[in-house]
Amino acid sequence: MNLYFQLFISFLQIGALSFGGGYAAMPLIQQQVVTLHGWLSLSEFTDLITISQMTPGPIAINSATFVGTRVGGFFGALCATIGCILPSCLLVSLLAWAYLKYRDLSIIQDVLSSLRPAVIAMIASAGFSILVSILWPQGMSSLSALVQNANLRGFLIFLGALVLLIRLRMNPIHVMVLSGAAEVLCQTALRLIEG
């Protein structure tokens with residue numbers, strides 16, 4: 001199958017099934033990009049999520065553009081991005097028409113409210129998967145590996161970011177910048193100690 005067509009179809013599926021926004025799309029993106037096609041490793045996928053959060057725009061579209069560029073250059077990015085946005089454009093146009101026509105029906109409100117728990121579960125699943133890949137990059141094959149393979153620096157940065165976000169209600173962009181700076185400082189300190 002042609003690479004451009006594969007990119008288009010993969011991100012068409014992501015665009016068509018990622019109800020609930022960007023965070024809900026993460027498990028779908030991971031399944032297509034990492035598991036099914038192997039276009040990115042899990043570590044590269046984590047970097048992709050970080051880059052997608054630091055750039056303006058929806059995470060799914062940023063991911064499509066990034067993966068498309070990495071795998072197929074400019075035309076790969078174009079195919080993946082079009083595949084990602086096409087279902088939304090069509091579906092939102094149809095839903096806008098239907099909602100304006102039938103917005104007073106209680107069944108519409110019931111369907112919308114029943115989707116919320118599924119969206120939260122998808123976001124939690126993606127977050128947990130990324131957290132595990134950061135904290136245990138070599139895997140958790142046994143109980144001893146759980147302790148030995150733990151990324152202590154990543155865990156401390158995660159806890160610090162969590163405190164800044166929840167307790168101090170800091171802007172997420174500032175937390176990302178501080179987290180990146182903390183990693184650079186840790187790496188620099190380790191090089192100075194080793195050198």
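Analyst: Val 71 is partly exposed, with a relative accessible area of 25%. Partly exposed lies between buried (under 20% relative accessible area) and exposed (over 50%), with a 1.4 Å probe and protein chains only. This is a predicted model: local features need pLDDT of at least 70, side-chain atom pairs count only at pLDDT 80 or more, and totals for chains, interfaces and linings use all residues. Residues are numbered from 1 along each chain as its sequence is written, and side-chain values use heavy atoms, with hydrogens and water left out.

User: Where is Val 71 placed?

Analyst: Val 71 sits in helix α4. Helices are DSSP runs of H or I with at least four residues, strands are runs of E with at least two, and numbering starts at the N terminus.

User: And which residues is Val 71 in contact with, leaving aside neighbours within four places in sequence?

Analyst: Leu 3 and Trp 39. Contact means heavy atoms within 4.5 Å. The C-alpha atoms of Val 71 and Tyr 4 are separated by 9.1 Å, and these two residues are 67 apart along the chain.

User: What about Gly 76, buried or exposed?

Analyst: Gly 76 counts as buried, because its relative accessibility is 0%. Gly 76 also lies in helix α4, which covers residues 59–102.

User: Which residues does Gly 76 contact, beyond its neighbours within four places in sequence?

Analyst: Tyr 4, Leu 7, Gly 68 and Thr 69. Phe 8 is 68 residues away from Gly 76 along the chain, yet their C-alpha atoms are separated by 8.2 Å.

User: Let's zoom out. How many helices and strands does the chain have?

Analyst: Eight helices and zero strands. From the N terminus on, the order is α-α-α-α-α-α-α-α. The C-alpha trace spans about 65 × 45 × 35 Å along its principal axes.

User: What share of the residues is buried?

Analyst: The chain has 195 residues, and 25% of them count as buried.

User: What part of the contacts comes from residues 24 or more positions apart?

Analyst: Take the contacts with a separation of 6 or more. Residues 24 or more positions apart account for 52% of those.

User: New topic: Ser 133. Where is the place of that one?

Analyst: Ser 133 is in helix α5, residues 106–135. Ser 133 is buried, with a relative accessible area of 16%.

User: What does the side chain of Ser 133 join in a polar contact?

Analyst: The side chain of Thr 46, at 3.4 Å. A polar contact is a pair of N or O atoms within 3.5 Å; within protein, one must be able to donate a hydrogen and the other to accept it, and residues adjacent in sequence count only if both atoms are side-chain atoms. A polar atom of the Ser 133 side chain also lies 2.8 Å from the backbone oxygen of Ile 130. Leaving aside neighbours within four places in sequence, Ser 133 is in contact with Leu 42 and Thr 46.

User: Last one. Where does Arg 169 lie?

Analyst: In the loop between α7 (152–166) and α8 (172–194). Arg 169 is exposed, with a relative accessible area of 71%. Its phi is near 50 degrees, a positive value in a residue other than glycine.

User: Which residue caps the N-terminal end of α8?

Analyst: Asn 171. A side-chain oxygen of Asn 171 lies 2.9 Å from the backbone nitrogen of Ile 173.
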